[in-house]
Amino acid sequence: ARRLGSYVKGPVLVDIGAGNPDMATAFVEVAPVLEKAYATDIHPSTKASTNPKVQFVPQPTPTMTSFARNSAQTVILSFTLHHLDTRTRDGLLAHMAEIVPPGGRVIVIEDSFPERPGSTRKYHPLMREFLSFSREEKFQLLALIDWMGNRITRNRPFIPLIFNYQSIEEWQEIFKRFGFKTIHTEFVGFRERPSDLFPPKG
């Protein structure tokens, strides 16, 4: 949240597919423009936020939230979209285009990679090796890590494993189709010695 706080617009933030209110709480703590933050998911949250500005709201369907048109100045999608099939994903993005007003922001964090990373010298050896893989090999590795993380490490059988990954450039084109304009992209990658099975982020 600290890394992305400057991109947040207020007064309302919605974290879609959140699972719990942790991310929404983190953004409230670093973005003073926020007066209210909501976490929403089709699965109920067993965790409550300690911040009175944050509330969990059940999501009625995978493609809809309970928020009105132009009501969310910032929407967060954190590791959500690759768990949705293309039709469901596009339905959710169409809904987001309604609830985010002109000038609003959508912050997307995904298991992804750039198609044209340029010089990889700035990355550690593990990351350089990942970037040297073919597109198919990258997707296979992301799928393996996703399966291990959700089924073995965290035992979350309710998470759909659709493996609908896209490159950063493909995500930009998908969002463009729904009227969104990219203002910043960043390939974060993963730590040199990850303590868990976490895929590279974009």
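Guide: Arg 135 is partly exposed, with 37% relative accessibility; here buried is under 20% relative accessible area, exposed is over 50%, and partly exposed lies in between (1.4 Å probe, protein chains only). The model is predicted, so local features need pLDDT of at least 70 and side-chain atom pairs pLDDT 80 or more, while totals for chains, interfaces and linings use all residues. Residues are numbered from 1 along each chain as its sequence is written, and side-chain values use heavy atoms, with hydrogens and water left out.

Arg 135 forms a salt bridge with Glu 170, the closest N and O atoms lying 2.6 Å apart. The two partners belong to distant parts of the chain, 35 residues apart: Arg 135 sits in helix 4 (residues 135–153) and Glu 170 in helix 5. A salt bridge is a side-chain nitrogen of Lys or Arg within 4 Å of a carboxyl oxygen of Asp or Glu, and by this rule there are 6. Helices (H or I, at least four residues) and strands (E, at least two) are DSSP runs, numbered from the N terminus.

Another of the bridges joins Asp 22 and Lys 47, at 2.8 Å from N to O. Asp 22 is in helix 1 (residues 22–30) and Lys 47 is in the loop between strand 2 (36–41) and strand 3 (54–58), so this pair ties together parts 25 residues apart in sequence. Asp 22 is partly exposed at 36%, and Lys 47 is partly exposed at 44%.

Arg 116 and Glu 115 also meet in a salt bridge, at 3.6 Å from N to O. Arg 116 is exposed, at 62%, whereas Glu 115 is partly exposed, at 36%.

Salt bridges also link Arg 89, Asp 90 and Arg 177 in a network. Arg 89 and Asp 90 are among the buried residues of helix 2, which also include Leu 92, Leu 93 and Ile 99. Helix 5 (168–177) is among the elements covering the buried residues of helix 2, as are strand 1 (12–16), strand 4 (74–78) and strand 5 (105–109); contact means heavy atoms within 4.5 Å.

Helix 2 (residues 86–99) has 14 residues and reaches 20 Å from its first C-alpha to its last, close to the 20 Å expected at 1.5 Å a residue. That expected span is 1.5 Å times one less than the number of residues.
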